Amino acid sequence: MLRLGCSRRFLGLGRQVQNPVQSLVRLYHERVVDHYNNPRNVGSFDKNDPTVGTGLVGAPACGDVMKLQIKIDEESGKIVDACFKTFGCGSAIASSSVATEWVKGKQKEEVLSIKNTEIAKHLSLPPVKLHCSMLAEDAIKAAVKDYEAKRAKMSGNAEAGTVGKAADA
């Protein structure tokens with residue numbers, strides 16, 4: 001006859017999980033859980049501020065939407081602040097939080113080299129969650145593009161004003 005412990009394991013009745021929520025949390029890497037429970041740089045800037053670039057991206061397949069904003073020092077071209085608002089899963093929130101930490105203090109050209117694979121590796125995202133890190137990369141690029149579009153529009157308006165004044169003279 002089998003011992004009680006062996007027979008319970010054989011029947012699939014081995015150690016029962018006391019708290020099912022604890023077992024679910026363990027599926028995510030501790031960095032994901034940390035950034036989900038304590039997200040960094042949550043918030044938003046005034047999108048009309050000429051020193052702010054806004055990247056708004058989404059993944060229709062899963063419903064995640066990410067808004068990442070960067071504030072750039074116009075003289076140095078350095079990102080002085082960043083914030084995000086994300087509606088989505090824990091991996092999307094963690095990816096946004098990591099992205100805002102990584103872009104602070106870097107040149108706007110430098111942040112364009114941040115790849116989703118680096119974010120995914122840092123957070124140890126499983127393959128099914130890689131789209132979250134892709135959203136973060138896309139949001140960074142969109143924010144820089146938005147900032148540069150604002151700068152081009154402002155310099156275009158300044159040139160048009162100068163041309164108008166020269167024509168009046």
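Trainee: Is strand β1 (residues 52–59) mostly covered or mostly open, and how many of its eight residues are buried?

Mentor: Buried means under 20% relative accessible area, exposed means over 50%, and partly exposed lies in between, with a 1.4 Å probe and protein chains only. By that reading, β1 is mostly covered, with six of its eight residues buried. Strands and helices here are DSSP runs numbered from the N terminus, a strand being E over at least two residues and a helix being H or I over at least four. Before going on, note that this is a predicted model, in which local features need pLDDT of at least 70 and side-chain atom pairs count only at pLDDT 80 or more, whereas totals for chains, interfaces and linings use all residues. Residues are numbered from 1 along each chain as its sequence is written, and side-chain values use heavy atoms, with hydrogens and water left out.

Trainee: Which elements does the protein chain contain, and in what order do they run?

Mentor: The protein chain has seven helices and three strands, and from the N terminus on they follow the pattern α-α-α-β-β-β-α-α-α-α.

Trainee: How do I read the sheet, and in which order do the three strands stand?

Mentor: Strands of a sheet pair through backbone hydrogen bonds, either parallel or antiparallel. Two strands are taken as paired if DSSP finds at least two bridges between them. Here the three strands form an open sheet in the order β1-β2-β3, with antiparallel pairing. Its edge strands are β1 and β3, each of which pairs on one side only, and the twist averages 15° from one strand to the next.

Trainee: How many bridges join β2 to β3, and which residue of β3 is the bridge partner of Leu68?

Mentor: Eight bridges join β2 to β3, and the partner of Leu68 in β3 is Phe84, while Gln69 stands opposite Cys83 in β3. On the other pairing, β1 and β2 (residues 64–72) are antiparallel over eight bridges, with Val52 partnered by Lys71 of β2.

Trainee: Which residues of the two hairpins take a positive phi?

Mentor: In the hairpin of β1 and β2, with four residues between the strands, Gly63 has a positive phi near 85°; in that of β2 and β3, with six residues between the strands, Gly77 has a positive phi near 75°.

Trainee: Where does a positive phi occur in a residue other than glycine?

Mentor: Most residues other than glycine have a negative phi, and most peptide bonds are trans. Asn41, with phi near 65°, takes a positive value, and its place is the loop between α3 (30–37) and β1. Ser124, with phi near 55°, also takes a positive value; Ser124 is found in the loop between α6 and α7 and is partly exposed, at a relative accessible area of 38%.

Trainee: Which residues of helix α6 (residues 116–123) are buried, and why do they lie on the same side?

Mentor: The buried residues of α6 are Asn116, Ile119, Ala120 and Leu123. They lie on the same side of α6 because they cover an arc of only 95° around the axis, the arc being that of the directions from the helix axis to the C-beta atoms. On the other side of α6, Thr117 and Lys121 are exposed.

Trainee: Does Glu137 count as buried or exposed, and which residues is Glu137 in contact with?

Mentor: Glu137 lies in helix α7 (residues 130–168) and counts as buried because its relative accessibility is 10%. Contact means heavy atoms within 4.5 Å. Leaving aside its neighbours within four places in sequence, Glu137 is in contact with Ile114, Lys115 and Asn116.

Trainee: How many residues has the largest nonpolar core, and which have the most contacts inside it?

Mentor: A nonpolar core is a set of buried Ala, Val, Leu, Ile, Met, Phe, Trp, Tyr and Cys residues joined through side-chain atoms within 4.5 Å. The largest one has 26 residues, and those with the most contacts inside it are Leu68, Ile70, Val103, Val111, Leu123 and Ile140. To this core β1, β2, β3 (79–87), α4 (90–103), α6 and α7 each supply at least two residues, and α7 gives the most, with seven. Not counting residues up to four places away in sequence, Ile140 touches Leu68, Ala99, Val103, Val111 and Ile114.

Trainee: What share of the protein chain counts as buried?

Mentor: Of its 169 residues, 34% count as buried.

Notes:
Axes are lines fitted to C-alpha atoms, for helices over the stretch in contact, and angles run from 0 to 180 degrees between N-to-C directions.
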